[in-house]
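Have the 3D view open as you read.

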Amino acid sequence: MASDLKTLMARHARPGLISWIGLRPARLAPVVQVDSAEASEAGLSGDHYVSGGKRAVTLLQGEHLPVIAALAALAEVDPAQLRRNVVVHGLNLAAVRHHPLRLGTALLRISGPCAPCSRMERVLGPGGYNAMRGHGGYYAEVLEPGRFALGDAVIPEARETTERDI
C-alpha cells in the first residue's frame, strides 16, 4: 500500500507553467511585473525581501486567483495585488510541498504556506483577509541558483517520498 501511495503522490498530470513573475522593489512599494527573474539563495534579484532561507521566493497557485476574486466579491484579482513572486498554473503546489521543483535553471523547494497579511483587507476590500486564507500561496527556498522566465515549465524533480509527505 505505501508503495502505491508513493507512486500516486509522485504522479502529476503535467508540469506547471510560470504565468506571472513579480518583484517587490521596496517594502510597501507597488509590485513590478517582470518577464524573468534571477534566483539566489538570498531570494530574487531586485526583490526587497532577500533574507534567504525557507522564505526566499513566494509562489501562488494560478487556479486560486478566480477563487480569491469570488471570495472577495471582485470580478478579478491582479497577482500584483497579492504581493507574491511567481504564479504557477497547471501544477498543484500543495502536492509538491517539500519536493524539489525546477523553474528554468533554478531549483526551489516549497517549505510552507504563506499566511495572508492584514493589508489584504485594504487591497481586496472588506473580507479580503479571509478570501486569502488557504489561498495565500507558498514560500520556498532556493536549492540551486538560476534564472526562470514567463512560460517556463515548473517540473517536480524525482525524490524519495518520506513519512513527512504522507
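Start with Arg119, which sits in helix 4, the stretch covering residues 119-124. Keep in mind that this is a predicted model. Is Arg119 buried or exposed? Arg119 turns out to be buried, and yet no salt bridge is found for it. The nearest side chain of opposite charge belongs to Asp47, and that is 11 Å away. A salt bridge needs the side-chain nitrogen within 4 Å of a carboxyl oxygen, so a pair has to meet that cut-off to count. What does Arg119 touch, then, once neighbours within four places in sequence are set aside? Its contacts are Leu28 and Arg83.

**The pairs**

Side chains of opposite charge can pair when their charged atoms come close. How many salt bridges does a search of the whole structure find? The count is five, and here are some of them:

| Salt bridge | Closest N and O atoms |
|---|---|
| Arg24 and Asp47 | 2.8 Å |
| Arg102 and Glu157 | 3.0 Å |
| Glu141 and Arg109 | 3.0 Å |

Asp47 shows up again here, as the partner of Arg24 in a salt bridge. These two link distant parts of the chain, 23 residues apart: Arg24 is in the loop between strand 1 (16-23) and strand 2 (32-33), while Asp47 is in the loop between strand 4 (43-44) and strand 5 (57-61). Both ends are tucked away: Arg24 is buried at a relative accessible area of 9%, and Asp47 is buried at 5%.

Next comes the salt bridge of Arg102 with Glu157. Glu157 counts as partly exposed, with 30% relative accessibility.

Then there is Glu141, which forms a salt bridge with Arg109. Glu141 counts as buried at 18% relative accessibility, whereas Arg109 is partly exposed, with a relative accessible area of 27%.

Notes
Residues are numbered from 1 along each chain as its sequence is written. This is a predicted model: local features need pLDDT of at least 70, side-chain atom pairs count only at pLDDT 80 or more; totals for chains, interfaces and linings use all residues. Side-chain values use heavy atoms; hydrogens and water are left out. Helices (H or I, at least four residues) and strands (E, at least two) are DSSP runs, numbered from the N terminus. Buried means under 20% relative accessible area, exposed over 50%, partly exposed in between (1.4 Å probe, protein chains only). Lys and Arg count as positive and Asp and Glu as negative; His and the chain ends are not counted. Contact means heavy atoms within 4.5 Å.
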